[in-house]
Amino acid sequence: MMIKKIPFLFFVAVLFGFNFTFSQVKFEKEYRLKTSDVPKKALHIVTMWDFKKKVKWYAEESQDGKTVEAKVCHNRNRISLEFEENGTLIDVEKTVKFSDLEEDIQKNIENTLSKKFKKFRFKKVQIQFIGDESAIYNEIFNLKSHHKKIIPKYEIIVKGKKEKRYQNFEILFNRKGEIEKELLIKSSDSTNLEF
């Protein structure tokens with residue numbers, strides 16, 4: 001009986017496929033951008049939004065690709081607008097306290113994390129708004145809300161204990177409190193800038 005050889009590329013694909021069942025490692029590198037290097041479309045959006053505080057621009061490279069980010073403080077919240085390289089708005093993130101989230105979202109997220117970790121604590125919580133640009137603007141500036149035109153998600157950095165060790169994770173939850181994406185944060189790889 002003859003045994004067929006498994007092609008090497010198939011073996012590599014299977015090997016890597018198994019590795020992706022675990023948390024992916026977060027890679028993120030940010031560096032400042034001059035206003036002259038910002039895509040015109042992104043600059044136009046931020047100018048139209050007319051924030052009262054100074055906006056800082058960054059280029060960001062991550063496991064998801066390259067983006068441009070505008071960071072600003074607005075109404076005591078840190079706001080981050082993320083754009084594609086061509087200047088198209090991807091999403092807007094607002095840093096909040098976990099207790100600021102709706103109660104049912106809090107419960108769902110806590111229940112999900114309780115099943116995943118022995119112990120955990122929140123290090124950073126952001127509401128991520130995806131959808132219609134004018135609806136996001138209204139949400140950020142506390143104007144008339146267009147909830148149907150916005151998809152809220154929750155990006156949370158958690159310090160969680162599995163077995164005997166604590167590690168930091170960036171976890172993206174949908175509006176039901178279910179995990180959509182999970183990244184392990186390696187402290188030595190942290191080149192992320194805070195503002």
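Is Phe51 buried or exposed? In this predicted model, Phe51 has a relative accessibility of 10% and therefore counts as buried, the cut-off being under 20%.

A pair of aromatic rings is described by two quantities, the distance of the centres and the angle of the planes. Across the whole structure, the search returns nine aromatic pairs. One of them joins Trp49 to Phe51 in a tilted arrangement, with 6.2 Å centre to centre and 50° between the planes. Trp49 counts as buried, at 4% relative accessibility, and Phe51 is likewise assigned as buried, at 10%.

Trp49 also pairs with Phe141, here edge-to-face, with the centres 6.3 Å apart and 80° between the planes. Trp49 belongs to helix α2 (residues 40–49), whereas Phe141 is in the loop between α4 (133–140) and β8, so this pair ties together parts that are 92 residues apart in sequence. Phe141 has a relative accessibility of 17% and so counts as buried. Together with Tyr137, the residues Trp49, Phe51 and Phe141 form one aromatic cluster.

## Charges over the face of Tyr58

Tyr58 has two charged residues placed over its ring face. Lys71 lies over the face at 4.9 Å from the ring centre. Arg32 also lies over the face of Tyr58, at 5.4 Å from the ring centre.

## Salt bridges

Side chains of opposite charge can pair when their charged atoms come close. The count of salt bridges in this model comes to eight. One of them joins Asp50 and Lys52, with an N to O distance of 3.2 Å. Asp50 is partly exposed, with a relative accessible area of 45%, while Lys52 is exposed, at 73%.

A second example is the contact of Lys181 with Asp64, at 2.5 Å from N to O. Lys181 is part of strand β10 (residues 179–185) and Asp64 sits in the loop between β3 (56–62) and β4 (65–74), so the pair ties together parts that are 117 residues apart in sequence. Lys181 counts as partly exposed at 29% relative accessibility, and Asp64 is exposed at 55%. Strand β10 also holds Glu182, whose side chain meets that of Lys116 in a salt bridge of 2.9 Å, N to O. Because Lys116 lies in helix α3 (residues 103–116) and Glu182 in β10, this contact ties together parts that are 66 residues apart in sequence. Glu182 is buried, with a relative accessible area of 13%, whereas Lys116 is partly exposed, at 28%.

## Helix α3

Helix α3 contains 14 residues, which at 1.5 Å a residue should span 20 Å; the C-alpha atoms at its ends are 20 Å apart, in agreement with that expectation. The buried residues in α3 are Ile105, Gln106, Ile109 and Leu113. Viewed down the helix axis, the buried residues of α3 fall within an arc of 100°, so they line one face.

## Strand pairing around β8

Strand β8 (residues 150–162) pairs with strand β7 (residues 119–131) in the antiparallel sense, over 12 bridges. Within this pairing, Phe120 has Gly160 of β8 as its bridge partner.

Strand β8 is also joined to strand β9 (residues 165–173), by nine bridges, and these two strands run antiparallel. Ile171 in β9 is the bridge partner of Ile156. The hairpin of β8 and β9 has two residues between the strands, and Glu163 takes a positive phi near 55° there.

Technical notes: Residues are numbered from 1 along each chain as its sequence is written. This is a predicted model: local features need pLDDT of at least 70, side-chain atom pairs count only at pLDDT 80 or more; totals for chains, interfaces and linings use all residues. Side-chain values use heavy atoms; hydrogens and water are left out. Two strands pair if DSSP finds at least two bridges between them. Helices (H or I, at least four residues) and strands (E, at least two) are DSSP runs, numbered from the N terminus. A salt bridge is a side-chain nitrogen of Lys or Arg within 4 Å of a carboxyl oxygen of Asp or Glu. Buried means under 20% relative accessible area, exposed over 50%, partly exposed in between (1.4 Å probe, protein chains only). Rings of Phe, Tyr and Trp (its six-membered ring) pair if their centres lie within 6.5 Å; planes under 30 degrees apart count as stacked, over 60 as edge-to-face and the rest as tilted. A charge sits over a ring if NZ of Lys or CZ of Arg is within 6 Å of the ring centre and within 35 degrees of the ring normal. The expected span of a helix is 1.5 Å times one less than its number of residues. The arc is that of the directions from the helix axis to the C-beta atoms.
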